[in-house]
Amino acid sequence: WDRIRVNLDVAGTLRGHLQAGAFCRYVNCNAKMRQHMPASLMGQVILNDAEEVVDAGFMKIFGCVNSCVKLVIVSAFVYVEDKSAIWVAVLFPLCMAVWLCCRR
């Protein structure tokens, strides 16, 4: 799975789309709007901020979805094997959520 994920390069593709969208939006602005938005700021948005938004923001969703899918699979396995132990599969994510909330 890791090799497939590297070959897909989702982060790179998303970064490219975000940078292209920001550039097109800047180019399509009228002159009055461009005066309020200097080219240096737009360059910073395209080069630095787009990478941060994708890597520190959007790509975190895949990790969360991955963890949720694993929890669902484990819960289904526990339910099939021993229905009386399903409380453990329910309690574990709840304890993790409480711990994460208290950690902040």
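Which residues in α2 meet which residues in α4? A11, L14, R15, L18, Q19, A22, F23 and Y26 in α2 meet A39, M42, V45, I46, L47, A50, E51, V53, V54, D55 and F58 in α4, where contact means heavy atoms within 4.5 Å. This is a predicted model, so local features need pLDDT of at least 70 and side-chain atom pairs count only at pLDDT 80 or more, while totals for chains, interfaces and linings use all residues. Residues are numbered from 1 along each chain as its sequence is written, and side-chain values use heavy atoms, with hydrogens and water left out.

**Helices α2 and α4**

- Here's the geometry: helix α2 covers residues 10-27 and helix α4 covers residues 39-58, and their axes come within 9 Å and cross at roughly 150 degrees.
- That makes α2 roughly antiparallel to α4 (angles over 145 degrees count as roughly antiparallel, under 35 as roughly parallel, 65 to 115 as roughly perpendicular and the rest as oblique).
- The α2 and α4 crossing is right-handed, meaning the near helix is turned clockwise from the far one by less than a right angle.
- Sorted by class, the contact of α2 with α4 has 15 nonpolar, one polar and three charged residues.
- In that sorting, Ala, Val, Leu, Ile, Met, Phe, Trp, Tyr, Cys and Pro are nonpolar, Asp, Glu, Lys and Arg are charged, and the others, Gly among them, are polar.

**Helices α4 and α5**

- α4 and α5 pack at about 15 degrees, and their axes are 5 Å apart.
- α4 is therefore roughly parallel to α5.
- On the α4 side the contact uses D55, A56, G57 and F58, and on the α5 side K60, I61 and F62.
- That contact of α4 with α5 splits into four nonpolar, one polar and two charged residues.

**Helices α5 and α6**

- α5 and α6 pack at an angle of about 160 degrees, with 8 Å between their axes.
- So these two, α5 and α6, are roughly antiparallel to each other.
- Their crossing, α5 with α6, is right-handed.
- L71, S75, V78 and Y79 of α5 meet I86, A89, F92 and P93 of α6.
- By class, the contact of α5 with α6 has seven nonpolar, one polar and no charged residues.

**The largest pocket**

- The largest pocket holds about 330 Å³ of space.
- Its lining is made up of G63, C64, S67, C68, L71, F92, P93, M96, A97, L100, C101 and R104.
- The elements giving two or more residues to this lining are α5 (60-81) and α6 (86-103).
- α6 supplies the largest share of the lining of the largest pocket, six residues.
- Nine residues of that lining are nonpolar, two are polar and one is charged.

Methods:
1 Å grid on protein atoms, 1.4 Å probe; cavity = no way out; pocket = protein on both sides within 12 Å on 5 of 7 lines; lining within 4 Å. Points joined across faces, edges and corners; volume = space filled by probe spheres on them. Helix = DSSP H or I, 4+ residues; strand = E, 2+ residues; numbered from the N terminus. Axes fitted to C-alpha atoms, helices over the stretch in contact; angles between N-to-C directions.
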